[in-house]
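Trainee: Could you walk me through how to read a few features of a model like this one? I'd like the general idea each time, then the case at hand.

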Amino acid sequence: MAYLRLLATLTALLPALAFAEGEGKPLWEAGVGVTALSFPSYRGSDHQSHYLLPIPYFVYRGDFLKADRHGVRGNFFESDRVDFKLSFSASPPTRSKDAPIRDGMPELRSTIEVGPELDFTLWRSANRNRSLKLRLPVRTAFTVERSPRSAGWVFSPNLNLDIGDLPGMPGWNLGFVAGPYFATRRQHEYFYGVSAEYATATRPAYEAKGGYSGSAFLVSLSKRYDKTWVGFFARYDALAHTAFADSPLVRQKHSAAAGIAVSWVLGESSTRVGAND
């Protein structure tokens with residue numbers, strides 16, 4: 001189950017990597033790949049987890065449901081400059097052995113986040129190959145287990161800059177995402193709270209508050225060949241001055257994650273659609 005929950009987090013960790021080019025694209029594409037990932041047990045943890053995993057490759061360009069380089073989403077409304085959609089994210093599970101400071105505490109279940117997102121295109125090149133967007137997702141989180149529990153709400157406004165066909169590197173695509181995070185008390189309590197029954201001499205009881213959750217900076221680089229796709233991402237989280245900064249579970253004021261992936265497209269739809277993904 002831990003392995004399956006980890007696969008469910010790849011949408012969150014690789015949100016800006018997949019990229020397909022050209023007009024008249026297949027309605028769907030499917031394949032397989034492999035990824036190497038390194039990320040903290042949780043934001044603020046001083047322990048890093050490393051994985052080498054097989055992953056599915058799937059792109060879908062329907063009128064409502066889409067799965068592409070921006071993740072999995074449903075488009076409720078779309079105009080030339082404004083998009084209103086359903087967005088998703090996730091966090092990986094954490095066992096006590098992956099974060100010794102949590103020894104004796106309940107394991108952190110993987111969480112799934114879902115909610116509406118409003119996007120504003122602030123700038124776009126004439127060929128639509130480059131753009132700058134302001135994205136405003138608001139998501140509710142819940143744990144992935146037999147009886148899911150609420151894990152609060154998250155608001156993560158960000159700027160997303162996409163640069164297609166880099167100068168001197170045709171076919172390579174560069175992406176930047178940067179912005180703050182804000183969350184409710186329940187979200188912070190899930191990750192950083194310590195109830196009295198789990199308090200120790202080195203881990204005092206702590207009740208988290210809602211508010212600022214830090215800022216994230218992500219860069220991605222990818223290229224789509226004929227039937228092969230390669231991508232890389234690196235993410236840095238700054239956690240200074242957060243609402244939970246004084247939690248005993250916060251071991252450092254920064255977190256970093258990175259990954260590299262290779263996928264092979266094994267099949268595609270004969271139906272072609274117009275798309276700018």
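**Reading contacts, surface and core**

Mentor: Let's begin with contacts, meaning heavy atoms within 4.5 Å. Not counting residues up to four places away in sequence, Ala234 touches Phe217, Leu218, Val219, Ala257 and Ala258. Keep in mind that this is a predicted model, where local features need pLDDT of at least 70, side-chain atom pairs count only at pLDDT 80 or more, and totals for chains, interfaces and linings use all residues. Residues are numbered from 1 along each chain as its sequence is written, and side-chain values use heavy atoms, with hydrogens and water left out.

Trainee: Where is Ala234 found?

Mentor: Strands (E, at least two residues) and helices (H or I, at least four) are DSSP runs, numbered from the N terminus. Ala234 sits in strand β13, and its C-alpha atom is 6.6 Å from that of Gly259, 25 residues apart along the chain. The protein chain has 15 strands and 3 helices in total.

Trainee: Is Ser247 buried or exposed?

Mentor: Buried means under 20% relative accessible area, exposed over 50%, and partly exposed in between (1.4 Å probe, protein chains only). Ser247 is buried, because its relative accessible area is 3%, while Ala234 is partly exposed at 22%. Ser247 belongs to the loop between β13 (228-238) and β14, and its side chain reaches the backbone oxygen of Tyr192 at 2.7 Å.

Trainee: Which residues touch the most other members of the largest nonpolar core?

Mentor: A nonpolar core is a set of buried Ala, Val, Leu, Ile, Met, Phe, Trp, Tyr and Cys residues joined through side-chain atoms within 4.5 Å. Here the largest one has 17 residues, and Tyr42, Tyr192, Phe244 and Leu249 touch the most other members. Helix α3 (residues 185-192) gives the largest share of this core, 3 residues. Beyond its neighbours within four places in sequence, Leu249 has contacts that include Tyr42, Ile101, Met105, Phe191 and Tyr192.

Terms used
A polar contact is a pair of N or O atoms within 3.5 Å; within protein, one must be able to donate a hydrogen and the other to accept it, and residues adjacent in sequence count only if both atoms are side-chain atoms.
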